[in-house]
Structures are given as structure tokens and as C-alpha cells.
Amino acid sequence: TDVLSTCLVGSSLILAWSSCRKPDGRPLASVLVSGLSVAVRQTNILWAFFNAALVVFLRQSGEAEAHKKRESLGLLFDLVRISVGFCSGYLALGAFFVLFVVVNKGVALGDKSNHELCFHGAQLVYYFAFVGCMSPGTLLQLGCPRRRDIPRLRAW
């Protein structure tokens, strides 16, 4: 299940990213692939929420460029509108996952004694290492000013 899980998570990430390149693109394909990845490995629900956060971030940054001078309350309403409008599929996936956990009385399928839910700190290191390696372009863009924002030095 490791290879299938990794392929599905990677595919859902690419689909979420590509849906944001279209002005009115919805991440439905990413939601469906994320649902399959959660069916294969239940802990992939974290990656589904990462995809939802990515969609919100990319949509918000695109709209922030269009509306540079907005007040904070307006930006907050835009964030909620984007979250509900573009991430409703991810919200439904999360609701189905919560329903699954309640009905199943746990996250794991099958033998629950060997698959107890607990905090594993090393997983956070793996998560942040993966995100850091898979998104260097985004991380560099966040830290670098755009060319048009750099003041030009003029000769005397």
C-alpha cells in the first residue's frame, strides 16, 4: 500500500495545484484522488487537508494581487468565501472521515490492537521535509521580492 498511497498523494497534490491555475477551476479531481488515498491509508487525511490549505493559499494569493488595498475584514471574508467555495469537497471528505472514525471506533481497519492512534514526532519531521523538498519554488517565491517591487537605482 505504500507505493499506491504515495502515488495517490502525489497525484492529488498535482491536481490541486493545477486546478488553481484556471480562473474558476475546482479541485474535484484532487478531492476524488484524495478520497482514494484516504481509503488506501487513513493517515492520508492529513495530505488531503494539506491540499485544501494549498488551494486556499493559492486562491487567496491570486486574489490578493488583484485587490492589494483591502482591509483586513474584507480579506477575512474572502478567505472564508474561498475556503467554502473551493474546498467544499475537502470539507465533505473530512466529514466522511470523521463519520468513518466514529462508526469504525478508530482510524484503523482490521486489527486495532496493532494500529493504535498515538503521537509520533518523527512523522512531523518527515512531513516538513517532504513539503520542503516538494515545494522549493513556492518557498523561494515567498522569500524573494518581485522584480517590480524592487526600487530601481538611478544614476545621478
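## Surface and burial

The accessible surface of the protein chain in this predicted model comes to about 11300 Å², and 68% of that surface belongs to carbon and sulfur atoms. Of the 156 residues in the protein chain, buried residues make up 28%.

## Helices and contacts

The secondary structure of the protein chain consists of 7 helices and 0 strands, which gives the pattern α-α-α-α-α-α-α when the chain is read along its sequence. When contacts between residues at least 6 apart in sequence are considered, 67% of them join residues that are at least 24 apart.

## The largest pocket

Rolling a probe the size of a water molecule over the atoms shows where empty space is left. In this model, the largest pocket holds about 1200 Å³ of space, and the elements that give two or more residues to its lining are α1 (2-19), α3 (45-66) and α6 (121-134). Helix α6 gives the most to this lining, with 5 residues.

The lining of the largest pocket is made up of 28 residues, and those that lie nearest the centre of the pocket are Arg41, Thr43, Asn44, Leu46 and Gln123. Sorted by class, the lining has 16 nonpolar residues, together with 9 polar and 3 charged ones.

## A salt bridge between Asp2 and Arg41

Side chains of opposite charge can pair when their charged atoms come close. The count for this model comes to 1 salt bridge, in which the side chains of Asp2 and Arg41 meet at 2.6 Å, taken from N to O. The pair links distant parts of the chain, with Asp2 in helix α1 and Arg41 in the loop between α2 (28-40) and α3, 39 residues apart.

Are these two residues buried, exposed or partly exposed? Asp2 counts as partly exposed because its relative accessibility is 48%, a value between the limits of 20% and 50%. Arg41, which is also among the residues nearest the centre of the largest pocket, counts as partly exposed because its relative accessibility is 29%.

## Val101 in helix α5

Val101 is found in helix α5, which covers residues 88-104, and counts as partly exposed because its relative accessibility is 24%. Leaving aside the neighbours of Val101 within four places in sequence, the residues in contact with Val101 are Gly106 and Val107.

A further distance relates Val101 to another part of the chain: the C-alpha atoms of Val101 and Gln42 are separated by 9.7 Å, while the two residues stand 59 residues apart along the chain.

Key: Residues numbered from 1 in each chain as written. Predicted model: local features only at pLDDT ≥ 70, side-chain atom pairs only at ≥ 80, totals over all residues. Heavy atoms only, no water. 1 Å grid on protein atoms, 1.4 Å probe; cavity = no way out; pocket = protein on both sides within 12 Å on 5 of 7 lines; lining within 4 Å. Points joined across faces, edges and corners; volume = space filled by probe spheres on them. Helix = DSSP H or I, 4+ residues; strand = E, 2+ residues; numbered from the N terminus. Nonpolar A, V, L, I, M, F, W, Y, C, P; charged D, E, K, R; others polar. Salt bridge = Lys/Arg side-chain N within 4 Å of Asp/Glu carboxyl O. Buried < 20%, exposed > 50% of the residue type's maximum accessible area, 1.4 Å probe, protein only. Contact = heavy atoms within 4.5 Å. Areas by Shrake-Rupley, 256 points an atom, 1.4 Å probe, with all protein chains shown as cover.
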